[in-house]
Amino acid sequence: MSRGLSSDFLAQLSSQSLKPFYAIKAEFLEGDVRLWTGVGEVTINSEIYTGGGTLMSVGVVEETAEIKAVGLTITINGLDTSILPIALATNYQNRKFTCFLGMLDESNQIIPSVYQLFEGRMDSMTINDSADDIAIALSVESRLIDLEKPNETRFTSEEQKRLFPDDKGLDFVTDLQDKDINWGGSW
């Protein structure tokens, strides 16, 4: 299935010189981080992505026929140790993350129609610190992970008032439990 891929993109898939790349966009509160697995800068969807080269790797992107949450891991190696305080202080959980798959043509120019491969939320960050450099592994979860969380909503008057402060519809439920209702008889 082509999934809306352009003819240029599909042609590159069957090309003898297949040149795929990944691009990631991590939307932090402090600002977006946009990297791609090539060298230099490229423009994708009117945004500039900085090359991470071989220092950035994207884990296996899984697709299933079932409705279930699948995750993704992005690893960035060789970072300067000055990035450690920033990585530790950054609020990243539940922030939006997008991964793209793109192709380069024979002259190493980006094919404009880049495919959005994955979209989810950042979950956890593992930092491996050595004397010379840092490696950061970022785990990202699909939005479908919310289907696995239990529903904490209760059908009580207090819960209803939390959602709708003026609603009194559930105030009378406890009175109705022991109420005798005569059906069809004489009153």
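# Exercises: side-chain contacts in a predicted model

The side chains of Glu 47 and Lys 25 form a salt bridge, 2.9 Å from N to O. Glu 47 belongs to strand β4 (residues 47-51) and Lys 25 to strand β1 (residues 20-28), so the pair ties together parts 22 residues apart in sequence.

This is a predicted model, where local features need pLDDT of at least 70, side-chain atom pairs count only at pLDDT 80 or more, and totals for chains, interfaces and linings use all residues. Residues are numbered from 1 along each chain as its sequence is written, and side-chain values use heavy atoms, with hydrogens and water left out.

**Exercise 1.** State what a salt bridge is, then find which residues are networked with Lys 25.

Solution. 
- Start with the rule: a side-chain nitrogen of Lys or Arg lies within 4 Å of a carboxyl oxygen of Asp or Glu.
- Next, the total: a search of the whole structure finds six salt bridges.
- Now the network: salt bridges link Lys 25, Glu 27 and Glu 47.
- Last, the setting: Lys 25 is buried, at 12% relative accessible area. Buried means under 20%, exposed over 50%, and partly exposed in between (1.4 Å probe, protein chains only).

**Exercise 2.** Locate the salt bridge between Lys 96 and Glu 119.

Solution. 
- The contact is 3.6 Å, N to O.
- Lys 96 sits in strand β7 (residues 96-103) and Glu 119 in strand β8 (residues 115-129), 23 residues apart. Helices (H or I, at least four residues) and strands (E, at least two) are DSSP runs, numbered from the N terminus.
- Lys 96 is partly exposed at 37%. Glu 119 is partly exposed at 23%.

**Exercise 3.** How many aromatic pairs does the structure hold?

Solution. 
- There are two. Rings of Phe, Tyr and Trp (its six-membered ring) pair if their centres lie within 6.5 Å; planes under 30 degrees apart are stacked, over 60 edge-to-face, the rest tilted.
- Phe 21 and Trp 36 are edge-to-face, with centres 5.2 Å apart and planes at 80°. Phe 21 is in strand β1 and Trp 36 in strand β2 (residues 31-36).
- Phe 21 is buried at 3%. Trp 36 is buried at 5%.
- Tyr 49 and Phe 100 are also edge-to-face: 6.3 Å between centres, 90° between planes. Tyr 49 is in strand β4 and Phe 100 in strand β7, so this pair ties together parts 51 residues apart in sequence.
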